[in-house]
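Welcome! Please take a moment to look over the sequence and the model, and then let us walk through a few of its features together.

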Amino acid sequence: MQYDIKIYGIVQGVGFRPFVSRLASRLALTGTVCNRGSYVEIKAVGSEAVLAEFLRRLKDEAPPRAVIISLTVEKSPAASPFADFAIVESAPDEGAVFVSPDIATCETCRRELFDAKNRRYLHPFINCTDCGPRLTIMEAMPYDRERTVMKHFPLCDECRAEYENPGSRRYDAQPVCCHVCGPELYLLGEDTKGQAALRKTKELLAQGGIVAIKGIGGFHLCCDATNEIAVQRLRRLKTRPVKPLAVMLPDMAAAERECYVTATAAKLLTGSIRPIVLLRRRPESTLADAVAPGCPNVGMMLPYAPIHYLLFATLNGRPMPQALIMTSGNNADAPICHTDAEALESLLPLCDVILSHNRPIRLRADDSVVDLLADQPYIIRRSRGYAPLPMALTATLRGEVLAVGGELKNNFCLARDNLFYLSPYIGDMGDLRGLLALKDSTTLLASLLHIKPQAVACDLHPRYHTRQVAEAMGLPVKYVQHHHAHILSCMAENDCLEPVIGVAFDGVGYGEDGSVWGGEILQVTLGAYKRLASIEPFPQIGGDKAAREGWRIAMGILAKQSAAELALKLNICAPEELNLLRLPSIASTSAGRLFDGVSALLGIRRASTYEGEAAIFLEYAAKAHRESATAQDRLTAAKIRAAYQELPRSAALPGEIPHLPTNSLAMFLAQQYLGDHDAKLLAYLFHQLLAAEILNVCEKIRLTTGLNTVALSGGVFQNKLLTELAREELAQANFRVLIHRLIPPNDGGLALGQALPAMSSPTGGLR
């Protein structure tokens, strides 16, 4: 009997074909296995009973990094004579393609790395079928060595023997190499290579220097995270005054010494993805204060590439720093550098030496960032290790679409039918380097996934660079309103395409009336939306400057409430700055700017040095109150809440949509602050009362529309406290609540939401 089997899923680049070959040989089956681009094809000949056992074990014993999405079998009398079972030459075929993300170094390779008797001892590029680079080295599918950048490194005899031996851990492992035939480390601008280059890099780190290091998806800037002077110097050079810096630790023991690590966090830190995980810092932490000034959390990760393990290893018997800054190697707002030319241009002024290597990075991939919400993953940046795993919807959709994503935190989405592939993180598009990276990456990933877009989706904003990129592609363009896309992204992640109430809170989005939107309550379907409510508009004084200067928002809110004179009492501005109120301003409903304004009103942050800083510290203050609140604090909070509920509420004017009374709320809290109430308590009440206002408007909408599902999306919902409080309020009122988990709530998830209406429109190829 012959079984012709097709297996779809993450079955390329994870040792699947070697696994199939070994399993078939153990069961004495004959036949072949090959990659067909969109699936793995198996032809197996044997008895019916053994073939049935083969099928069962294919599913139950698959490699740990494999994901079988579907499996089909065609049975026929044995027609093809096979002498044995072999891996045969791959041949591409049409259909859905699943590309493996990059995989962290496995434990077996880590042990070999430090085994002096192993021929790959201290080899910076050690890997096997269970680990190593995948997406970042691919040039085409199917996934074979000749279609990766490893084609530039011909195998030596010993590596080839392993590569061709079914009993080897490196059987058909495409990145396999060794000291003889693999890539080589070197210092840019110097004639220093191999172990000598590594030694000099480590010496500089031990002496407090700064180095740029090329890894799997790009360059990092690195220094001793326990050395205050080194970290402060890196901040000055990178012009990054206070934004937290990611830290790499050698192992779990070190992570637990520095931070509180939950079971979920431990799985993320030690798994195959190894993202940056946001963890609460211990009071006794040895990390420099400059790692995350004033911030209770630190972004932690463990080594995921051989070079990382080597950095922590002792140097000539002397211990190395056991905590290293590993921040993205880039200038502000630019993509992570991934070539020597980019590193020389952008990173050389920021460091003492650049450690590079000659294995090209074909598709850059910055580190993923994961927070924990109720001790479950809550992705903030989806990139290395996650991309380009697709989101699969159960709805029947047809077509091939490219969505170019947002202007900030950009990534893009390629979609075919019901599969939506989000790219690795690219960055902000205000920089020409970001636009070039977007264009290059869309071309490469579309080729890898065998997707030929029939339409392109983009943001509605007329001045966004991403829109210009989309319009230059010569394809039909679908313009998707920013907040509609946010809610669709949340719906798609939850595989829910029925109409919902969408609460879209973010920094800025272009409204169809030409104003600045950002705190919107929408009725959303797949192809349309209706704006049902918003937060109260306020004057955004200074336009784009207000995004960094929250005191301008505070002044606008006070002016809207006819209380501008309070700005001086609250120390929000100097007397001469009151004149700004006479200047023209734009009307805004930005929830992100509202948080900045409240932060200024409560004396927490007058301005921000990075996006969202004022809002982030407002959340920190609120959480600090919640964690330390006394019985007296709770009694005081109850009295303030009761006083707020007594405030008069104005009805919407004819022709206006209803507004959440957020200006009144901010004004009320400012008055309480002037009355000597604690800023942290008031910060918590702001979150709590805003969540209650969200519930109030959703209940009114439910009465008129019958909708009972609420989706929460937008960058403001990176604020876990607001997300938790809003979800609790809504759930207690018997709403079904959709939140993000594996897709960022910020603009990093926008492309997924853009792709959906393009797919379902005539230009996207109707179902």
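## The largest cavity

The lining of the largest cavity is made up of 11 nonpolar, 5 polar and 2 charged residues. This is a predicted model, and the volume of its largest cavity comes to about 130 Å³. To find the spot, look for P124, I216, A305, P306 and R359, which are the closest to the centre among the 18 residues of the lining.

How many cavities of 30 Å³ or more does the structure hold? There are 4 of them. Empty space of this kind shows up when a probe the size of a water molecule is rolled over the atoms.

## The second largest pocket

Next comes the second largest pocket, with about 770 Å³ of space. Its lining has 30 residues, and S650, P658, H659, L660 and P661 are the closest to its centre.

Which element supplies the largest share of the lining? That is helix 20, with 7 residues. Sorted by class, the lining of this pocket holds 16 nonpolar, 8 polar and 6 charged residues.

## Helix 20 meets helix 16

Helix 20 also has a packing partner, helix 16 (residues 591-601). A pair of packed helices is described by the angle between their axes and the distance between the axes. Here the angle is about 145° and the axes lie 11 Å apart, and the crossing is right-handed.

On the helix 16 side, the residues in contact are L594, F595 and V598, and they meet F686, H687 and L690 of helix 20. By class, this contact has 5 nonpolar residues and 1 polar residue, with no charged ones. An α-helix has 3.6 residues a turn, so residues three or four places apart point the same way. That is a handy idea to keep in mind when you look at the two sets of contact residues.

Finally, turn to helix 1 (residues 16-26): is it mostly covered or mostly uncovered? Helix 1 is mostly covered, with 8 of its 11 residues buried. The buried ones are F16, R17, P18, F19, V20, S21, L23 and A24.

These buried residues pack against strand 1 (2-10), strand 2 (30-35), strand 3 (40-45), helix 2 (48-60), strand 4 (67-76) and strand 5 (85-87). After helix 1 comes A28, which has a positive phi, near 60°.

Conventions. Residues are numbered from 1 along each chain as its sequence is written. This is a predicted model: local features need pLDDT of at least 70, side-chain atom pairs count only at pLDDT 80 or more; totals for chains, interfaces and linings use all residues. Side-chain values use heavy atoms; hydrogens and water are left out. On a 1 Å grid over the protein atoms alone, a cavity is a set of points where a 1.4 Å probe fits but cannot get out, and a pocket is an open set with protein on both sides within 12 Å along at least five of seven lines; lining residues have an atom within 4 Å of a point. Grid points are joined across faces, edges and corners, and a volume is the space filled by probe spheres set on the points. Helices (H or I, at least four residues) and strands (E, at least two) are DSSP runs, numbered from the N terminus. Ala, Val, Leu, Ile, Met, Phe, Trp, Tyr, Cys and Pro count as nonpolar, Asp, Glu, Lys and Arg as charged, and the others, Gly among them, as polar. Buried means under 20% relative accessible area, exposed over 50%, partly exposed in between (1.4 Å probe, protein chains only). Contact means heavy atoms within 4.5 Å. Axes are lines fitted to C-alpha atoms, for helices over the stretch in contact, and angles run from 0 to 180 degrees between N-to-C directions. A crossing is left-handed if the near helix is turned anticlockwise from the far one by less than a right angle, and right-handed if clockwise.
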